[in-house]
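Trainee: I have the coordinates open. Can we go through them in short questions and answers?
Mentor: Go ahead.

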Amino acid sequence: MNRLAVLFLWFLCRVFGIYAQQTTNSLSVLSDSVIRSYELNEIVITAKTNIDHTRQAKPASTVEEYLQSAEKVSLIKRGNYAWEPTVNNMTTERISVTIDGMKIFHACTDNMDPVTSYVETVNLSKVNIRSGFEASPNASNSIGGSLDLQLNKVGFCCEGWEVNTNLGYETNGNYRIAGTDLAFSDSAFYINSGFFHRHSDNYHAGGNREIAFSQFTKYNIFANLGYLVDKKHAIEATFIYDRASDVGYPALAMDVETAEGLISSLSYRRENLSRFFARWETKLYFNKVIHIMDDTERPDVVIHMDMPGKTRTGGIYSLLEGCIGKHRYSFNWDAYYNQSYAEMTMYPSNLSEKEMFMLTWPDVRTLNTGLFVADEYRFDEQHSVRLSSKWSFQRDGIHSDFGLNTLRIYYPGMASYKNRLVGNISGRYRFCFGGWEASAGAGYGNRAPSVSEAYGFYLFNTFDAYDYLGNPHLKHESSVEANIETKWTRSPFIVKANASYFYFTNYIVGKPHKDLSSMTIGASGVKVYENLPHASILNINLSLKYFLLRYFAWNGRITYSRGQDDKKGDLPLIPPISYESSLAFKKGRLSAEAAVSGAFRQTHYSAGYGEDETKGYLIGNLSIGYGFKINKVIFNLKSGVENVFDMYYSTYADWKNIPRKGRNVFINLGISVL
């Protein structure tokens, strides 16, 4: 047994005090930088800069708008607020979304409050997107990939005070944006905090057609603090409070009275831990999400309903990173405990009749603990191998006797709790030579059913107009992934192409059950979650960047995806061929951009899952910006027009073909005081 394996076992016993099965490989997803070893005498903590809003077409964009330009990420829209992100065309059930490594779970049975909706871009340093099984160390129970929203922490950099203010206005929807954040740092303490407010009335689609119930109001307050105990030890804390109210969802039957998130954490960080480990971070966290749906503002409601939901999650992770020789490795242990609860009350119009109550998420409790191991071995400057693996033990089930007995009507004798083992393993080889970079990778993993898939009780899906019933006897969904990527850089060109293929077994999806009657008025029937024998998803991306005439840069990208089930039928929410192109200009303080984006007609759609054909479209956007400085005050002014030609259109990802915004003129002013 080599020295690294011995060290690994010692680490498990001494630091975590838990038993772990010995593995034959050390696995990893790490940086491509050349590995060198340094003996450090003291801690060096550098500042982390936030997202550069001056480079964005819309500096005051939401996290979802920011993600629209990211490769491998798409967004499902049910209205004007809180779009659901997907990775490799896989939705919430198959991906992991974390905030600074913290597990957070949405509280809406209709996915109306994705994790990304509880953070503002002013509080982000970057979004770490990982594809497939090369997910982040804290990702759990995922197959498609992961998003980690990494918070902006100013760090111990002795820069004193900085104050930023953002003001924005958009004509479409009378959309108002205002926010301010401040930062202070010295050699032993830092804080950055802020407040952000957004408010929009109903927006208009192309042709000035008002989309009713598309308004929203949102507030976000955040604070990140750090204290340097001594040269090697730092304590950091995070607090986020986010509240959205009066949120309309035109694609759904109900709106949102309140969506509220409270996110907190306390972490300890040590640099230069030992000869073998350069960094150690341990974080404790707790978060609570409350989501209340109602239909009191909707006209012609046959039966009024209230649908509150909540999730509470407490967790911990401990991450070690280091390097020896040509190896660069990391180990991460994490654990979390989650409660998911949702209920529905129906109020009949006849007051003499009784109310109907049911638990749609019957107080589901989940305990998950796992170990992530990673290693990158660089043979030389041109060749490297990266390996990674994560395996988790999960115990989930129904805590409510009422909810358990209700589901036992359909599944007699079902156990209240179930123990599961889920995990993945992946590897990638990378080759660099001259202006070429190429890589090939493969992975295998599985996931347990989500709360809705295993324990959901008559969840109405407006997409296909079916009630959905969970299935606690579902098998784990498994997938094999293969991916390739190549990049060629030769001034003034950068060309990049990548492809990934996922082959699923026991693919989880809802299928009609003729023997069951729906509870929702107007529903087409009941679907029960089942395992399909197999399914597949293919994704191909090609992008090109060209620098010309010193001040110009042209970007272009085209994407193709295809998803099929075991009978060669099309999977839902898979995009048609889509494309985008932009020409940017920057000289001194002046910047400008012209962009187009569009998609071909969607010919591969799934009528059985509620889809219909969407037409092709092409829209154009323009923006211009100017920045200047007066003494210590920096001003950045940016304005532009989206959907210049006021096209009326919807995409494959617009729930029930809800049209997107028509022409929209925006203006944003950013002020920074240093």
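Mentor: A definition to begin with: a salt bridge is a side-chain nitrogen of Lys or Arg within 4 Å of a carboxyl oxygen of Asp or Glu. Keep in mind that the model is predicted.

Trainee: How far apart are the closest N and O atoms of glutamate 321 and arginine 279?
Mentor: Glutamate 321 lies in strand S16 and arginine 279 in strand S15, so the pair ties together parts that are 42 residues apart in sequence. Glutamate 321 is partly exposed, with a relative accessible area of 29%. The two residues form a salt bridge, and their closest N and O atoms are apart by 3.6 Å.

Trainee: Are aspartate 464 and lysine 527 buried or exposed?
Mentor: They form a salt bridge, with the closest N and O atoms 2.9 Å apart. Aspartate 464 sits in the loop between strands S22 and S23, while lysine 527 is in strand S26, 63 residues apart. As for aspartate 464 and lysine 527, both are buried.

Trainee: Arginine 557 and glutamate 580 form a salt bridge. Which strands hold arginine 557 and glutamate 580?
Mentor: Their closest N and O atoms are 3.4 Å apart. Arginine 557 counts as buried because its relative accessibility is 16%, under the 20% limit. Glutamate 580, at 32%, counts as partly exposed. Arginine 557 lies in strand S27 and glutamate 580 in strand S28.

Trainee: Which residues do salt bridges that share partners join into one network?
Mentor: The total count is 32 salt bridges. The network comes from shared partners. Its members are Glu236, Arg269, Glu271, Arg279, Glu281 and Glu321.

Trainee: How many residues of strand S17 are buried?
Mentor: Strand S17 runs antiparallel to S16, joined by 19 bridges. It also runs antiparallel to S18, again with 19 bridges. Tryptophan 333 stands opposite leucine 371 in S18. S17 is mostly covered, and the buried count is 16 of its 21 residues.

Trainee: Which residue in the turn between S16 and S17 has a positive phi?
Mentor: S16 and S17 form a hairpin with two residues between them. Within the pairing, glycine 309 has alanine 342 in S17 as its bridge partner. The phi is about 55°, and the residue is glycine 325.

Trainee: Which side chain makes a polar contact with the side chain of asparagine 483?
Mentor: Asparagine 483 is in strand S24. At 10% relative accessibility, it counts as buried. The polar contact is at 2.9 Å, and the partner is arginine 428.

Trainee: In the open sheet of four strands, which are the edge strands?
Mentor: The order is S4-S3-S6-S5, with mixed pairing. Strands S3 and S6 pair in the parallel sense over five bridges. An edge strand here pairs on one side only, and that gives S4 and S5.

Trainee: Where is confidence lowest in the chain?
Mentor: The mean pLDDT of the chain is 90, and 92% of its residues reach 70 or more. Over residues 1–48 the pLDDT is below 50. Where pLDDT is low, the predicted coordinates should not be read in detail. Confidence is lowest, at a mean of 38, in helix H1.

Methods:
Residues are numbered from 1 along each chain as its sequence is written. This is a predicted model: local features need pLDDT of at least 70, side-chain atom pairs count only at pLDDT 80 or more; totals for chains, interfaces and linings use all residues. Side-chain values use heavy atoms; hydrogens and water are left out. Two strands pair if DSSP finds at least two bridges between them. Buried means under 20% relative accessible area, exposed over 50%, partly exposed in between (1.4 Å probe, protein chains only). A polar contact is a pair of N or O atoms within 3.5 Å; within protein, one must be able to donate a hydrogen and the other to accept it, and residues adjacent in sequence count only if both atoms are side-chain atoms. pLDDT is the predictor's confidence in each residue, from 0 to 100. Contact means heavy atoms within 4.5 Å.
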